[in-house]
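Subject: Structure handover

Hello,

Here is the structure I promised to pass on. Please open it next to this email, and my notes follow below.

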Amino acid sequence: MVKKIALIAAAIIGVAVIAVLGMAATKPDQLHVERSALISAPPAKIFPIVNDLHRWTEWSPYEAKDPKMKRTYSGADKGKGAIYGWEGNDEVGSGRMEIAEATEPSKIGINLHFIKPFDGDNLAEFTFVPEGHATKVTWGMTGESPFMCKVMQVFMNMDDMCGNDFAKGLAKLKTVVEKAP
């Protein structure tokens, strides 16, 4: 009787694993997350705040997730070649980002390398598009989605998870910019 129950349990677990792997196989090979906000300021006023990695502590949503996060800065002071490394708790993990493109005042491209909790490389991009007396700021991230990420996506919505953080960061950036003289 115990052997029969164990075989049934093993079969159920096997079917569940096959179902999860099957669902993971249907997930896209590329991950893309993007959020936008309208900020009442010209691009020239917003661009420098994003282009200077030292200023990310003022608005990045990840700062609040780990106030004790260790940060290192290297390379250029700001703009292309500026590097920011971080090591934090389980929520922020660890990694490194480098500004690879800084086309003032319209676009910033950042190479991201995540180390923990999972190794991965992505490209983040900020665009600043004038809209009347305001600027539409878009924060996007694109990267490969290896099979383990696809398995995780069966259980969590990466667009919601990262997108909610991007939306919070853009709202905080809006506050920082609009309160500045």
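What pattern does the chain follow when read along the sequence? The pattern is α-β-α-α-β-β-β-β-β-β-α-α. That gives five helices and seven strands. Please keep in mind that this is a predicted model.

**Overall numbers**

The chain has 181 residues, and 36% of them count as buried. Its accessible surface comes to about 10500 Å². Carbon and sulfur atoms hold 62% of that surface. I also looked at contacts between residues at least 6 apart in sequence. Of these, 53% join residues at least 24 apart.

Strand 1 pairs with strand 7 (residues 134–144) over 10 bridges, in the antiparallel sense.

**The core**

The largest nonpolar core has 35 residues. Which residues have the most contacts inside it? They are Trp59, Ile110, Phe126 and Leu173. The elements that give two or more residues to this core are strand 1, helix 2, strands 3, 4, 5, 6 and 7, and helix 5 (158–179). Helix 5 provides the largest share, with seven residues.

Ile110 is worth a click. Leaving out residues up to four places away in sequence, Ile110 touches Trp56, Met97, Glu98, Ile99, Ala100, Asn122, Leu123, Ala124 and Phe126.

Asn122 is on that list, and its place is in strand 6. Is Asn122 buried or exposed? Its relative accessibility is 14%, so Asn122 counts as buried, the limit being under 20%. Beyond its neighbours within four places in sequence, Asn122 is in contact with Ile110, Asn111, Leu112, Phe114, Met141, Thr142, Gly143 and Glu144.

**Aromatic rings**

How many aromatic pairs does a search of the whole structure find? The search finds 11. In one of them, Trp56 and Trp59 form a tilted pair. Their ring centres are 4.7 Å apart, with 50° between the planes. Both residues are buried.

Another pair joins Trp86 and Phe114. Here the centres are 6.0 Å apart and the planes stand at 75°, so the pair is edge-to-face. Trp86 lies in strand 3 (residues 82–87) and Phe114 in strand 5 (residues 107–116). The pair therefore ties together parts that are 28 residues apart in sequence. Trp86 counts as buried, at 11% relative accessibility. Phe114 is partly exposed, with a relative accessible area of 23%.

There is also an aromatic cluster made up of Trp56, Trp59, Phe126, Trp139 and Phe166.

**Loops to check**

Two peptide bonds deserve a look:

- Glu104 to Pro105 is cis, with omega near -5°. Pro105 is in the loop between strand 4 and strand 5.
- Lys116 to Pro117 is cis, with omega near 5°. Pro117 is in the loop between strand 5 and strand 6.

Then there is Gly79, in the loop between strand 2 and strand 3. Gly79 is buried, with a relative accessible area of 5%. Which residues does Gly79 contact, leaving aside its neighbours within four places in sequence? They are Asn51, Ile99 and Ala102. The C-alpha atoms of Gly79 and Glu98 are separated by 9.0 Å, and these two residues are 19 residues apart along the chain.

Best wishes

How values were computed: Residues numbered from 1 in each chain as written. Predicted model: local features only at pLDDT ≥ 70, side-chain atom pairs only at ≥ 80, totals over all residues. Heavy atoms only, no water. Phe/Tyr/Trp six-rings, centres within 6.5 Å; stacked < 30°, edge-to-face > 60°. Buried < 20%, exposed > 50% of the residue type's maximum accessible area, 1.4 Å probe, protein only. Helix = DSSP H or I, 4+ residues; strand = E, 2+ residues; numbered from the N terminus. Pairing = 2+ DSSP bridges. Contact = heavy atoms within 4.5 Å. Areas by Shrake-Rupley, 256 points an atom, 1.4 Å probe, with all protein chains shown as cover. Core = buried A, V, L, I, M, F, W, Y, C linked by side-chain atoms within 4.5 Å.
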